[in-house]
Every structure is written in structure tokens, then in C-alpha cells.
Amino acid sequence: MTIHPGGQNICGVSIGVLALESYFPKPPGHIKNPSSLNFTVYYEMLDGITVPTLLANPTGEMKDRLIAAAKRLEAKGVHAITGSCGFLAIFQKEIAAAVSIPVFVSSLIQVPLVYQMTQGPVGVVTASATSLTDKHWDGVGASHVPVVVQGLDHTDEFATVILRNERTAMDLAKVEAEVLEAVQSMVDQNPDIRAIVLECTDLPPYAHSLQRAVKRPIFDLTTLSGMVHEAATRQAYAGFIT
């Protein structure tokens with residue numbers, strides 16, 4: 001007979017998410033849409049921290065709130081911690097150092113890995129190229145990696161809803177078209193790009209369309225979360241020998 005120690009209110013959670021406050025639609029593939037994920041999640045809500053706030057003013061007070069939230073997730077029994085915005089990269093090192101479980105708050109943490117795989121410039125699609133700084137690259141150990149950055153700063157629908165938070169209703173088909181246009185332009189101008197990392201957590205729902213258009217591997221936070229889930233909660237393999 002196996003005696004389990006108990007002590008957890010909710011059991012069986014794999015990935016904890018530091019969730020910024022936002023109310024626009026999250027289609028399947030988004031880290032904040034658990035209906036489409038192949039791993040269990042627990043959300044630690046960070047009311048008052050929005051995408052525009054994080055991009056414009058990532059303060060020490062904000063970092064302290066994120067660290068406290070990460071510690072709460074660890075105490076609740078999650079096996080690893082991610083975030084709902086790639087610009088949390090600026091706090092990656094501090095949050096990871098504050099807990100004893102794996103932390104990957106930004107998809108950008110994959111940039112050095114993708115570079116080692118391809119030995120060519122990594123295409124990075126970000127919500128805002130103007131907001132992506134050396135501190136973000138340093139936070140994920142990617143300062144040395146050659147990158148080509150494509151921002152969505154000058155889009156219509158995406159920027160209005162996600163970057164400027166002017167409304168919550170969103171035309172998903174229009175967003176997809178804007179992202180496709182931006183990524184196609186990036187690859188057309190930089191054909192030596194061999195793989196793409198999506199910084200923004202709002203972009204994985206369109207990854208399949210992007211790959212179909214530009215014929216490149218697409219790395220994002222949702223697939224990274226699935227990989228970490230598999231690593232943190234290993235299961236016996238099915239199959240047979242003879």
C-alpha cells in the first residue's frame with residue numbers, strides 16, 4: 001500500500017502560468033486557453049499587470065510581484081512555471097533563481113537553442129520590436145545570437161487590441177492576415193533565416209498557417225510548454241520489444 005502525503009488543494013497540475021491581465025480572445029493554441037493544451041495548467045493571475053504596462057514600465061515592484069506569484073505556484077505543486085507574455089524575459093533570471101522548479105517565462109529562451117540547431121540567423125516575431133531590448137536578450141542568454149526581428153508594432157488590429165489595449169473585441173482572421181504578411185516579409189528580405197521563434201504568446205494559434213506559408217520550423221511558447229511538461233512529468237513508454 002502506498003501512502004501519499006497530501007497537503008495540496010489541487011493535484012495533477014503540470015505547468016503553472018504567470019498570467020497577465022487581458023480580456024481579448026485567446027484562440028486554441030494560446031497558453032491561456034487550456035481547452036487546447038495537452039498538459040494541465042494552473043493560472044496565477046496578476047491583476048493590474050497588462051501587456052502595455054510590462055512593455056513600457058517593467059519595474060522592480062513588478063518583478064517582486066512576479067517572484068511572489070512564482071513562489072505561490074511552486075507551493076501549489078506545479079512542476080514548472082511559464083508566463084503569458086514573452087516580454088517577461090526581462091525577469092527570467094530572477095524568477096528562476098527564486099524557486100526550485102524549472103522556469104521558462106518567455107519563448108525567447110529557445111533562441112540560443114534554435115541558433116545551435118541551425119547555425120544561421122534566427123527569425124524572431126515579436127509583438128513590439130521597439131520594446132525588445134538588450135535586457136530581454138540577456139535575460140534568456142541570447143545576447144550573442146544573430147537574430148532578425150520582425151515586430152507587429154505597425155499593424156492595425158493586433159496593435160490596437162494587444163499592444164494598446166484600446167478594446168477587447170478582436171478580428172482573429174485580420175490578426176492572422178497581419179501576422180502572415182509580417183512574417184512573409186521578414187523571410188522574403190532575409191532568406192537565410194532557417195527557423196522562427198514566436199516571442200508573443202498570442203501568435204501560436206497561427207503557427208500552422210505561418211509554417212505553411214514560409215516553410216520554416218516554428219518554435220513558440222505552447223510547444224515549449226509541452227516539451228517541459230514531458231520532461232518534468234516523465235511517463236513509462238508504451239510499446240513492446242518482441
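**View A. Strand β5 is covered on both faces.** Val122, Val124 and Thr126 lie on one side of β5, Gly123 and Val125 on the other, and all are buried. Buried means under 20% relative accessible area (1.4 Å probe, protein chains only). Strands are DSSP runs of E with at least two residues, helices runs of H or I with at least four, numbered from the N terminus. Five of the five residues of β5 (residues 122–126) are buried, so the strand is largely enclosed by the rest of the structure. The model is predicted: local features need pLDDT of at least 70, and side-chain atom pairs count only at pLDDT 80 or more. Residues are numbered from 1 along each chain as its sequence is written.

**View B. β5 pairs with strand β6 in the parallel sense.** Five bridges link β5 to β6 (residues 147–151). Two strands pair if DSSP finds at least two bridges between them. Val125 has Gln150 as its bridge partner in β6. The chain runs from β5 through helix α5 (residues 134–139) to β6, a right-handed β-α-β crossover. Right-handed means that, with the strands pointing away from the viewer, the path from the first strand over the helix to the second runs clockwise. Val124 stands opposite Val149 of β6.

**View C. β5 also pairs with strand β7.** β7 (residues 196–198) is parallel to β5, over three bridges. Here Leu198 is the bridge partner of Val125.

Conventions. Side-chain values use heavy atoms; hydrogens and water are left out. Buried means under 20% relative accessible area, exposed over 50%, partly exposed in between (1.4 Å probe, protein chains only).
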